[in-house]
Amino acid sequence: MKLGVKDELCSGCKICQTICSLTLFDVCNPKRSALKIVGHFPAPGRYEVVTCDQCGDCAEVCPVEAIKLENGVYKIDRDECTGCGACVDACPKGAMILWRGDDVPIKCTLCGACMEFCPRGALYDADKPSEQAGVA
Amino acid sequence: MLSGYAGRILDVDLGSKQFTVKPLPERLAREYLGGRGFVSRTLFDEIEPGADPLGPKNVLIMASGPLTGVFLPCSSKVEFGAKSPATGGYGDSNMGGHIGSELKYAGYDMIIIRGQSQSPCYLYIDDDRVEIKDASDLWGKGAIETETALKARLGDEFQIATIGVAGENLVKIACISHDFGRQAGRTGIGAVMGSKKLKAIAVHGTKGVPLADPAKVLEVGKNKFRALFAKPGFKEWTPYGTAGITDWVNEVGSFPTRNFSTGYLEGYEAINGKAVREKILVLDKGCFCCAIPCGKYSHTRVNGREAYVEGPEYETVALIGGNCMLSKVEEVAYANYVMDELGIDTISGGGVVAFAIECFERGIISESDLGRAVRFGDVDSVVHIANLVAKREGIGDVLAEGVRTASAKLGRGSEKFAMHVKGLEISGYEPRNTPAMLLAYMTCDVGAHHNRAWAITYDIAVGREKLEGKAAKVIELQHVRPVLDMVGACRFPWIEVGFELEHYPEIINAVTGFSHTWETLSAIGERVWNLNRCFNIREIPDFGRKYDYPPARIYEEDIPSGPTKGKHITLEQIEALLDEYYDLRGWTRDGKPKAEKLAALGLEEEARACGMV
């Protein structure tokens with residue numbers, strides 16, 4: 001599974017963020033999710049989808065080695081994380097998400113929920129591009 | 001502990017600059033659900049009888065529902081409400097976008113705004129931090145301009161609701177704007193915000209929505225999204241959104257054209273949904289958790305001027321396009337942009353502009369009144385009149401009161417073609433040959449608005465000449481459809497894509513833990529309908545049957561062209577429709593709920609307050 005992104009198809013609905021929060025944390029709170037959507041309005045009129053591509057830069061800078069590679073996915077061990085924020089600064093895509101209620105950043109676990117329910121095909125499995133659900 | 005509700009109400013007094021946070025009463029949630037239900041109950045309770053809609057005693061409400069902000073199809077809606085400056089009675093208008101969900105995430109189901117600020121201000125909410133901030137530098141700016149400025153100042157994660165200069169100038173067709181193209185357009189709600197010197201509401205929330213059983217909501221949400229994805233309309237309806245219906249409305253001869261003088265626009269194909277998609281579309285833009293985005297964010301060019309604008313959606317195509325007879329989609333979109341920036345509702349805006357042009361054609365208002373000659377089909381005329389209205393310049397000061405008051409001032413027979421009911425301009429369906437749709441306009445609590453009972457499809461399905469069964473259908477729709485406005489869900493999955501109504505009790509119960517069926521939900525719909533009628537009786541001194549009639553054009557003039565040529569409903573037929581409607585509702589023939597009906601709905605005190613017992 002690989003998280004593919006087509007910004008130009010994003011309608012800004014935040015289904016991805018909402019299902020992410022329910023899947024990762026058992027809460028309904030798009031602010032507590034591992035991706036975000038930034039609007040660029042009124043001009044040029046598009047959304048930017050900020051997602052993790054599992055590049056591993058976060059793991060490289062983590063001073064306590066709390067971010068570990070498991071089956072191609074980097075995951076934060078919250079027991080070891082000190083909340084220093086080095087990974088947040090190092091992430092080239094701005095995809096280590098800080099939520100006001102927690103010191104530990106939120107990172108994509110590549111669970112696939114967002115791509116399964118993106119109605120626009122803006123998020124899709126880049127390994128299986130023909131299976132995207134969206135209309136666009 | 002309530003589930004699906006933030007559980008708190010923010011109560012702000014702009015006069016004293018004080019605010020309190022109070023718990024959401026469980027009884028309110030159980031008896032009125034949220035959104036429009038909260039607005040209805042709160043306006044009746046909190047507004048002093050006889051309050052001036054533009055004075056400090058009017059109350060502006062912003063209310064979400066239990067589904068707002070939750071992982072479910074199209075759960076974005078938030079309702080604004082106040083005593084309407086347009087009608088003098090009950091007023092509400094809802095919008096989608098992302099500010100209803102944001103309000104829930106900040107920890108509030110509803111905001112109650114009282115009093116009036118001395119100077120321009122905006123309400124700043126960041127979770128528990130609430131401030132009334134200075135907005136002097138934003139006063140006089142357009143709605144889009146203001147949203148852009150506040151996003152730049154506070155960050156993209158803040159959601160903004162704002163007014164344009166029309167709201168500042170207390171124009172009675174002013175809207176509240178959000179998300180660069182979503183509006184709570186109707187009932188002059190923007191003027192209430194302007195009267196409080198409240199330029200904007202900026203909200204940021206990070207708390208999420210409290211749910212008793214999030215795993216169940218996730219499962220139900222997934223199933224409901226899958227059910228929606230499986231509907232043919234999911235792929236077929238979305239590309240054109242609401243404007244896709246332009247063709248059908250013309251084919252059935254009900255497209256408002258030339259100030260509702262006819263029901264068909266020659267050349268409508270140039271301004272339909274296909275034209276929007278092929279000529280000006282930039283992006284399909286959606287509200288919170290919307291899988292079928294109707295927002296057609298666009299870029300338009302007209303005579304060297306250009307603009308980004310969301311839409312035009314169907315109502316704008318109908319009222320600015322058909323009713324003002326613009327012949328190119330680029331022009332409709334440009335006029336849409338102008339009204340959005342000024343902060344004018346495009347439905348009432350199109351109605352007021354078309355009324356003004358007809359008055360000019362008939363010599364009721366002059367070139368010197370207007371500052372120039374105007375004509376149907378001319379985008380510059382539309383833009384010119386919209387500016388006069390928003391700034392209250394010249395004759396614009398009269399037109400800014402809406403067509404009812406304007407025609408009363410202008411006289412000379414203009415009342416006949418002042419296209420409104422109760423002071424609210426008619427929305428996008430010419431109703432002379434659709435009795436159920438007409439009755440829906442006549443009896444709607446806020447005036448001539450389509451969103452309580454979109455009955456035109458029923459007229460076409462069962463026979464448009466027929467009167468039997470129409471009143472019963474309108475009543476059924478008036479109870480069912482507003483329930484979606486109470487829970488915070490958009491109606492389009494149901495109306496446009498065929499997502500069955502049967503899904504909703506399951507959805508509502510999964511979120512709230514209540515045990516609703518459509519029977520119990522419709523009962524709430526009926527309670528709210530009657531409560532709003534009581535509000536109108538209390539607030540409008542001579543309110544009754546006479547407020548439920550359409551303008552004479554509807555029953556005196558034949559439709560002169562198109563598929564419905566030669567048709568019009570008669571006054572006798574209108575009387576029969578009203579009689580049947582009142583009888584079925586348990587109202588007197590003067591349109592007042594009987595005491596026993598109100599008692600059956602648990603509204604005894606309200607019956608007393610309105611002098612009906």
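This passage goes through the interface between chain A and chain B, and then the pockets and cavities of the predicted model. Because the model is predicted, local features need pLDDT of at least 70 and side-chain atom pairs count only at pLDDT 80 or more, while totals for chains, interfaces and linings use all residues. Residues are numbered from 1 along each chain as its sequence is written, chains are lettered from A in the order in which they are written, and side-chain values use heavy atoms, with hydrogens and water left out.

Starting with the interface, 35 residues of chain A are in contact with 45 residues of chain B, contact meaning heavy atoms within 4.5 Å. About 3100 Å² is buried between the two chains, 62% of it on carbon and sulfur atoms; buried area is the accessible area (1.4 Å probe) that two parts lose on being put together, summed over both. Five salt bridges turn up across this interface, a salt bridge being a side-chain nitrogen of Lys or Arg within 4 Å of a carboxyl oxygen of Asp or Glu. Arg120(A) pairs with Asp284(B) in a salt bridge, with 3.0 Å between the closest N and O atoms. Polar contacts link 15 residue pairs between chain A and chain B, both residues at pLDDT 80 or more. Such a contact is a pair of N or O atoms within 3.5 Å; within protein, one must be able to donate a hydrogen and the other to accept it, and residues adjacent in sequence count only if both atoms are side-chain atoms.

On the chain A side that touches chain B, α1 (15–25), β2 (36–40), β3 (46–50) and α4 (113–117) each supply at least two residues. Helices (H or I, at least four residues) and strands (E, at least two) are DSSP runs, numbered from the N terminus. α1(A) gives the most, with five residues. By class, this side of chain A has 19 nonpolar, eight polar and eight charged residues. Ala, Val, Leu, Ile, Met, Phe, Trp, Tyr, Cys and Pro count as nonpolar, Asp, Glu, Lys and Arg as charged, and the others, Gly among them, as polar.

On a 1 Å grid over the protein atoms alone, a cavity is a set of points where a 1.4 Å probe fits but cannot get out, and a pocket is an open set with protein on both sides within 12 Å along at least five of seven lines; lining residues have an atom within 4 Å of a point. Grid points are joined across faces, edges and corners, and a volume is the space filled by probe spheres set on the points.

The largest pocket holds about 720 Å³. Its lining has 33 residues, with Lys31(A), Lys36(A), Ile37(A), Asp156(B) and Glu157(B) nearest the centre. β2(A) provides the largest share of that lining, five residues.

Nine cavities of 30 Å³ or more are found in the structure. The largest cavity has a volume of about 820 Å³, and among its 49 lining residues Arg182(B), Gln183(B), Glu313(B), Asn451(B) and Arg491(B) lie closest to the centre. This lining divides into 18 nonpolar, 16 polar and 15 charged residues. About 130 Å³ lies in the second largest cavity, where Cys20(A), Ala34(A), Cys108(A), Cys111(A) and Cys114(A) are the closest to the centre of the 15 residues lining it. The lining of the second largest cavity has twelve nonpolar, three polar and no charged residues.
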